[in-house]
Amino acid sequence: MSHYYDEEQDGSLREQTVAFSVLGRRFSAVTGSGVFSKGGLDNATRVLVESCSLRGTEECLDLGCGWGAVGLVLKEAHPDISLVMSDVNTRAVRLARKNVPGADVRLSNGFSNVPESFDMILTNPPYAAGREVCYRLIEESFGHLRPRGRFLLVVRYRKGGKMLEQKIKDVFGDVEVLKKSGGFRVYQGVR
Ligand SMILES: C[S@@+](CC[C@H](N)C(=O)[O-])C[C@H]1O[C@@H](n2cnc3c(N)ncnc32)[C@H](O)[C@@H]1O
C-alpha cells in the first residue's frame, strides 16, 4: 500500500474540491486521494502560514508542498514573492500545479531537483515518513538558505516536536519558537 510520502500512488486519482479560510481570505483548491490532508487545510499547516511574515519580494521554497496549501496562501497574501514548490509525490506535484498557477512546482526528493538557495524555506515535514527523512530535510535546507535566510517548520509538539526542535538547534546553532497553537509549534532556524 502506498503512502502520501511515496513517489507513486496506488489506484487512480479521485479529485475533490475543498474550500477553507485563513488569514482573512477564502480559498478553494483541488485535492485528491493519495496526497496529504486531502480533506482540506491541515491544522498544522494553518498554524505555519499564520506565523509566517514576509517582506514582499523574497524567494521562498514550500518544501514538501503536497497539494499546495502553503504556496497557495503565501502567493495570495504576498503576490510579489518568488515561489518554488517541491514534493516527492507525483500526484501532489500535479495538484499543486493546478492550485498555484504560475508557481514553479517540481518533483524532487529533498533538494534533488532544487539546486538554488532561498530567503525562506517553509515545511510541514512528512513526520510519518520517519525521523531520518525529517532530519535530512532540515540538514539540506540549511545548505539551501542564503545568509540570514529563515527555515520554518511546524510540528505537533507531542509527536516529535522536541526532537525536531533539537535537530534545528544542532544544524542552525539556535532555534526559536515562533508560534504555539493547538498543540503545534512553529520553529525557526536562521542561517
Ligand atoms: C505533512 S505533508 C505537508 C504537505 C503540505 N505542505 C501541507 O502542509 O498540506 C509532507 C509532504 O512532504 C512530502 N515529502 C515526503 N518526503 C519528501 C521528500 N523526501 N522530499 C520532498 N517532499 C517529501 C510528502 O509527499 C508530503 O506531501
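Visitor: Which residue in E9 is the bridge partner of glutamate 176?
Guide: This is a predicted model, with local features needing pLDDT of at least 70, side-chain atom pairs 80 or more, and totals using all residues. Residues are numbered from 1 along each chain, and side-chain values use heavy atoms, without hydrogens and water. In strand E9 (a DSSP run of E, at least two residues), the bridge partner of glutamate 176 is glutamine 188.

Visitor: Over how many bridges do E8 and E9 pair?
Guide: E8 covers residues 176-181 and E9 covers residues 184-190. The two strands pair (at least two DSSP bridges) in the antiparallel sense, and the bridges number five.

Visitor: What phi does glycine 182 take in the hairpin of E8 and E9?
Guide: The hairpin has two residues between the strands. Glycine 182 takes a positive phi there, near 55°.

Visitor: How much of the ligand's exposed area does the protein bury?
Guide: A ligand nitrogen lies 2.7 Å from a polar backbone atom of glycine 64, and a ligand nitrogen lies 3.5 Å from one of valine 88 (polar contacts: N or O pairs within 3.5 Å). Alone, the ligand exposes 600 Å² (Shrake-Rupley, 1.4 Å probe), and the buried share is 97%.

Terms used. Polar contact = N/O pair within 3.5 Å; in protein donor to acceptor, adjacent residues only side chain to side chain. Helix = DSSP H or I, 4+ residues; strand = E, 2+ residues; numbered from the N terminus.
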